[in-house]
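Subject: A structure to look at

Hello,

Here is the structure I promised to hand over. Please open it beside this email and follow along.

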Amino acid sequence: MRPANLRRPGTQVRRARRVCAATVAVLLTVAATACGPEGRTLNVFAAASLTEPFGELERTFEQRHSDVDVRLNLAGSSTLGSQIAEGAPADVFASANESVMADVAADMAGEPASFATNRLTIAVPRGNPAGVEGFGDLADGGVTVVVCQPQVPCGAAARRLAELTGTTLRPASEEQDVKDVLNKIVTGEADAGLVYTTDVRAAGGKVEEVPVPEASRAVNRYPIAVSARAAEPELAAEFRDLVRGEEGRRVLKKAGFGAP
Amino acid sequence: MASRVVPLGFGSRRTRGRNPGLPWVLWIPACLALALVVLPVVGLLVRTDYTRLPQLLTSDAALSALRLSLVTALLSTIVCVVLGVPLAVVLARARGRGVRLVRAVVLLPLVLPPVVGGLALLFLLGRNGFLGYLLDVVAGVSVPFTTTAVVIAQTFVAMPFLVVSLEGALRGGGQRYELVAATLGARPWTVFRRVTVPLLLPALGSGVVLSFARALGEFGATITFAGSLEGVTRTLPLEVYAQAQADVDSAVALALLLIVVAVVVIAVARPKAFDR
C-alpha cells in the first residue's frame, strides 16, 4: 500500500500550492502593468555632481517633449564611463572631467563640448566640530577626512590639489562618488570632506563650507557628448543643446557651476 | 545534516536499487538554472586578460585587499560561532511566545539589502548613533572607517546563515539524547558540552563555511558602514568595485581571485560537496 502522503495532497502541499498560485498571480499583474504603452525614452548618463541641475533640465526637457521620458543615470563619472564602454544604452553622457570623456571617445559621436566648470571645496558638518580652517588642516591625523577615490574626477581633483599645495591627505575613506562624500558630512560621520562647491550649495544648510583659495588652480571642466549608439541622435543632440544653451547656463549657474 | 533524517521506507534496501526515474520536464529548467550560475563565470573567464593576470593579482592594492578580506572574514566567522551557536541553541530549545518573534528578527539580515544593514549599523554605531555616541564620549572609540567596522558588518550579514543551519539541525535531531543524558544525571552545561555540541558538529561545519563565504563576499554593508580605504576597510569585493570604475581588467582579475578563494574554501571545508 502507498504511504498516506502519496495518496492525497496534505495540508502543507495544499498550502504551498496556494502560495505558488498567489505568487504567479502577483507576478502576472506586475508584468501586465509594466508593459504599458511604449513611449520614447532618452537615457542621460551624468556625473553625480550634476544631480540637481540635470534634474531640473530633465523636467524642462520633458515639458517641451511630452512624449519623451528622460531617464537620468547619476553616478561617479568613471562608473558611467565603464558602463558606456561595456555597452550601456546611454544617449547622452555628461562627465565631471575631460579624462573620463577621453576614455570613451570611441563610443561618442563627434567632439565632446565643455558646458561647465567646478572646483573643490571643504565641506564640514554644521558647527565645524573639528575646527577645520583650511586645506592644510586635512593633513592633521586627528581630523576624519573623506575624499573621492582617485579613479573618479572629484578624487583626481583632490589628488591634484594635494599635490599643488604639498599637503599629504590622510583620508579615513575613499568614496565612490562625490555625493557619498557629502553624505558622510551631512550625517556627521566625518569631520571634513572634499566636495565641489556646487555640492555644498545643493546640501542647503546641512553642511558648512571652508573655502579653499588654492582650488582655483585645480578646476574641473565638464564635457557633454551624444553617444554614437544613441537611439534617437537628434533628440539626444537636442538635450545636449539644452544643457549648453541659455536655459542650461541659467540652471547650472544657479547650482553654482562656473561658465565653460 | 537534514539528509540524516530519512523517512521510514525510503532509502531502505528494498527501494534503493530501483531508480524511480526523473520526469524529463525537469531537465529544461534545471539546465537553465545551471546555465544561469555557470555562464556568468564563463563570461568572466573569457574576459580575463591572462597575460596581465600575474601582475594585476600581485599589485599592492590587490594583495592588501586579499589579506584584509581573509583576516576580516576569519574574525567575523569566529564571532559568528562564538555568538551564533548559543543563539541557535537558545532559539531551538527555549520555550515561550517571544521565541518565534526573536527567530524572525534574527533572520532579518538575510532579507534586508546589505546597504540597509550598513545604514542601520551606521545609525547605531556611527558618531551620531546612540551607541556610537556613547562609545565616543565614554571610551573615545570611533567605530566607522575602521577594520572593526568591517568585521561587525560581515558578522551582521553572515550570522543568520550559521544560526539557521544550526537551528534546523537541532530541531530536526530532536532532544532524545539530551533527555537521556539529563535523566542519567548530567547537568545542563555537561549536556550541552558532551551531547548537544558533538551532535551539532556536521551542521556547524556547513554553517561555518556558509558564513565565511558570506562574510568574504560582503559588500553593501561594508561600504556603507566602514567606508573604503586600502589596507583598512577596502576588502576584495570593495577593491573589485573600486577598480571596475577605472581598470576593468584589474577588476576582472580580482573577481577571479575571489572565485578561486571561494572554491578553495568550499573544497577544503566541505569535500563532501564534491563527492556526491
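Two strands pair if DSSP finds at least two bridges between them. Helices (H or I, at least four residues) and strands (E, at least two) are DSSP runs, numbered from the N terminus. You will need both terms below.

First, the ground rules. This is a predicted model, where local features need pLDDT of at least 70, side-chain atom pairs count only at pLDDT 80 or more, and totals for chains, interfaces and linings use all residues. Residues are numbered from 1 along each chain as its sequence is written, while chains are lettered from A and ligands numbered from 1 in the order in which they are written.

Strands of chain A

Start with strand E5 (residues 145-148) of chain A. E5(A) pairs with strand E7 (residues 192-196) of chain A in the parallel sense, over two bridges. Val146(A) stands opposite Gly193(A) in E7(A). E5(A) is also joined to E6(A) by four bridges, and these strands run parallel. Here Val147(A) stands opposite Glu174(A). The bridge partner of Cys148(A) in E6(A) is Glu175(A).

Now look at the side chains of E5(A). Val145(A) and Val147(A) point one way, Val146(A) and Cys148(A) the other way, and all are buried. Buried means that 20 or more other C-beta atoms lie within 10 Å of the residue's own; exposed means 12 or fewer, and partly exposed is in between, with C-beta atoms placed from the backbone.

E5(A), helix H6 (residues 153-165) of chain A and E6(A) make a right-handed β-α-β unit. Right-handed means that, with the strands pointing away from the viewer, the path from the first strand over the helix to the second runs clockwise.

Chain A as a whole

Chain A has 10 helices and nine strands. Of its 260 residues, 42% count as buried. Take contacts in chain A between residues at least 6 apart in sequence: 78% of them join residues at least 24 apart. Two residues are in contact if their C-beta atoms, placed from the backbone, lie within 7 Å.

The chain is divided into domain 1 (4-34), domain 2 (40-117 + 221-255) and domain 3 (118-217). Those bounds come from an automatic or database domain assignment. The C-alpha centres of domain 2 and domain 3 of chain A lie 26 Å apart. Across that boundary, 16 residues of domain 2 are in contact with 15 residues of domain 3. On the domain 2 side, helix H3 (51-64), H4 and strand E4 (108-125) of chain A give two or more residues. That side divides into eight nonpolar, seven polar and one charged. Ala, Val, Leu, Ile, Met, Phe, Trp, Tyr, Cys and Pro count as nonpolar, Asp, Glu, Lys and Arg as charged, and the others, Gly among them, as polar.

Is Asn183(A) buried or partly exposed? Asn183(A) is partly exposed, because 18 other C-beta atoms lie within 10 Å.

Where the chains meet

How many residues of chain A are in contact with chain B? The count is 17 residues of chain A, against 16 residues of chain B. Helix H4 (77-85) and strand E6 (171-175) of chain A each supply at least two residues of the chain A side. E6(A) gives the largest share, five residues. The chain A side divides into four nonpolar, 10 polar and three charged.

Chain B

Chain B has 15 helices and zero strands. Its C-alpha trace spans about 60 × 60 × 30 Å along its principal axes. Of the 276 residues of chain B, 34% count as buried.

Look at helix H14 (residues 248-269) of chain B. At 1.5 Å a residue, its 22 residues should span 32 Å, and its end C-alpha atoms are 31 Å apart, which agrees. The expected span is 1.5 Å times one less than the number of residues. Buried residues in H14(B) include Ser250(B), Ala251(B) and Leu258(B). Their cover includes helix H2 (27-47), helix H3 (53-57), helix H4 (60-93) and helix H13 (236-244) of chain B.

Best wishes
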